[in-house]
Amino acid sequence: MALLLSLFLAGCSRAPGPDAVLRQYLDAWQRQDYAAVYALLDATSREAISQDDFADRYRRIEEGIERTGLSAEVHVPDDFRPEGDQVTLSFTARWETALAGAFTQEYQAQLVREEEGWRIQWTPALIFPDLKEGDKVRAQSLPARRGSLVDRKGRPLALDEPARAIGLVPGKMAADSAERLAQVLGISTAAVEKQLAQPWVRDDLFVPIVTWPESRAEAAEEDLLAIPGVLISSSRETARWYPHGALAAHTLGYTGPITAEELTDERRQAGYGSNDRIGKQGLERALEEDLRGRRGGRIWIERADGSDGPEIARREPEAGRDLQLTLDLDVQQAVERALDETLGSAGAGAGRRGSGQLDGQAAAVVLDPATGEVLALASRPAFDPNRLADGITAEEWQALSDDPRSPLYHKALAALTPGSTFKPFTAAVALDEGVIAPDTDFGPSPERWQKDASWGDYYVRRVPHPPGRVDLIRALVWSDNVYFARAGLALGAERFQRGLTRFGLGEEVPFVLGVVPGRVAGEGGIQGEIQLADSAYGQGQVQVSPLQLAAMYTAFLHDGDVLRPRLLLDEPASGQPAGTTPGGRIWKEGAARPETAQVIRQALRQVVADSTGTAHSLASLRGWVVSGKTGTAQVAGGEQGARWRWFAGWANPAGSDEPRLLMVFAIHQQGAADEGSPNPAVVAARRLLEAWRPEAD
């Protein structure tokens, strides 16, 4: 019995066999636990390389090839029985890398029996089979062209070009070279000097300062090469280029270097690396998966004498997908020029500040009213995406972020108070509910009105208009707040809110870019008669983005159906970003009855055609017949506070029954304007239609 027990205990305490030790080694390697890997090496191997050097070599190689995973399988014959103190076992390792994709390697591992058990006889061939002592593992990224964004006629709006590195050779510089280069590049002298102060810099070495697209570098080449020490060098990389600068900047967005926070494990698995660029805003961000392409890479061995050894793995780059937008470059340019001229300063769009003055904030949307396709989408102030793609300084970024006019924010997609441009929807709901008819007259419409004394000192105020009977048509022509306050009260809060949801208010807008959803009221709905009255003429807590408002206006041209706003002629291949799901051109069917849409359509024509209409200045436009609605929405400071000035409507070529453009303009104004001064949104609409005529299409 004692003999049997001793034999049993001896069997239980037997050291692991060589195959088990190899599996332990590979398990530790897969977990990147290099201390555990090193502990399984034989004594001779540990004498040849320290634990720190061993771990450092593995880390540098695996970081260089951008390892994202490793799995291994040991191949042990069925009749395997270790004999003697040395055995050879084979295994297969499958590498996964962001650089060159996945590949496999076949290994032979030598194990020796030592006093503490079986141990691995390590050589560099256990990293890669062809690697020898003194060799190095090299890795190279092969850039992929990012997909282009083009307008509806194929004209480029964002594209990749060969990159040019612009920098200095210190030994050839003059005393003012850094300052002059900074001025041409549009960056600070400190940013140039920081690059020149790097520890590796020598007089005869080229020090890159920025990387520009080829077109941009060529345009500035004469000024750059006039500076002593400047060198322009070609690069294997590509650079993002926005040939029209700030045009449509908020919609296109920009790219920039990927940050540590953006480089998630999921993105590493998808092939992103620490030197990649990624969409940061706009379509560049929303369509990242389609546009980015897939970079390639190669991994090879460099022999000790500097010659190239065998290639371990290679993946060819795959270009990103080119996408065609619904934008029309001609219309986009005309819209932005109209905004800038109206705001009083071309480019940045910064007007004078003060009571009744414009502060440079504006938004504009132009749709094809037949299809819902977006022909132009603009926001002011703007920015140059080329500057952001280059990598602006922290100070420049802070200046953009601190600007109270929010130049990075896409105001055409932001929820704004619509003012009187909202009245046609109140009218549509009231008509459909049978609360009013086109000839409904609520009686006298004083310049200030309240339902009864329970409103205390609160009154609905209206702008002066001619005397006379106020029916629905005249209420829209004259933009009578009192009339629509009464219509809203006649509807009641429940029917008012329910009717407006038919136009999409309160829902996500189906659009490729994120749009802040419009709303009738805040959380809890409309609270009380005063809020209901104010909401009925587009004040209160009503909010809607210029884009959504434009989409809602399509209902008056399509027998009550709201069209889905579209920005892509090509539907993306990857997933389905919000708003890009194919589903026909109608977003909201039957938001209003066809006869109701006809009444509103005819009334909005009179807003322009009638000599007393608030948009009558558009009646004299040559080549166009315009319909629409003006609006003024107070957003702060009461009667003298800031406000948004609006125009929403459409334009038919003269002699045609088919509208060509549906437009919404919103321009921010500081304080009330002088009586009789033009609505700047109407001015901008006029400038657009004067600049872009049907025959120019």
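The structure is a predicted model, in which local features need pLDDT of at least 70 and side-chain atom pairs count only at pLDDT 80 or more, while totals for chains, interfaces and linings use all residues. Residues are numbered from 1 along each chain as its sequence is written, and side-chain values use heavy atoms, with hydrogens and water left out.

**Exercise 1**

Find how helix α17 packs against helix α19, and which residues meet.

*Solution*

Step 1. Locate the helices: α17 covers residues 423-432 and α19 covers residues 481-491. Helices here are DSSP runs (H or I, at least four residues), strands are E runs of at least two, and both are numbered from the N terminus.

Step 2. Look at the geometry. The two axes lie 10 Å apart, at an angle of about 40°. That angle makes α17 oblique to α19. The cut-offs are under 35 degrees for roughly parallel, over 145 for roughly antiparallel, 65 to 115 for roughly perpendicular, and oblique for the rest. Axes are lines fitted to C-alpha atoms, for helices over the stretch in contact, and angles run from 0 to 180 degrees between N-to-C directions.

Step 3. List the contacts (heavy atoms within 4.5 Å). From α17 come K423, T426, A427, V429 and A430, and they meet N481, F484 and L491 of α19. By class, this contact has five nonpolar, two polar and one charged residues.

**Exercise 2**

*Solution*

Step 1. Recall the scale: buried is under 20% relative accessible area, exposed is over 50%, and partly exposed is in between (1.4 Å probe, protein chains only).

**Exercise 3**

Work out how α6 and α7 are arranged.

*Solution*

Step 1. Helix α6 (residues 177-185) and helix α7 (residues 189-196) have axes that come within 8 Å and cross at roughly 125°.

Step 2. The two helices are therefore oblique to each other.

Step 3. Look at the residues in contact: α6 brings A178, E179, L181 and A182, and α7 brings T189, V192, E193 and L196. Sorted by class, there are five nonpolar, one polar and two charged residues.

**Exercise 4**

*Solution*

Step 1. Start with the rule: a salt bridge is a side-chain nitrogen of Lys or Arg within 4 Å of a carboxyl oxygen of Asp or Glu. The whole structure holds 48 salt bridges.

Step 2. R502 is partly exposed at 27%, and E433 is partly exposed at 25%.

Step 3. E595 is partly exposed at 42%, as is R593 at 38%.

Step 4. Finally, see who is linked: D432, E433, R495, R502, R593 and E595 form a network of salt bridges.

Key:
Ala, Val, Leu, Ile, Met, Phe, Trp, Tyr, Cys and Pro count as nonpolar, Asp, Glu, Lys and Arg as charged, and the others, Gly among them, as polar.
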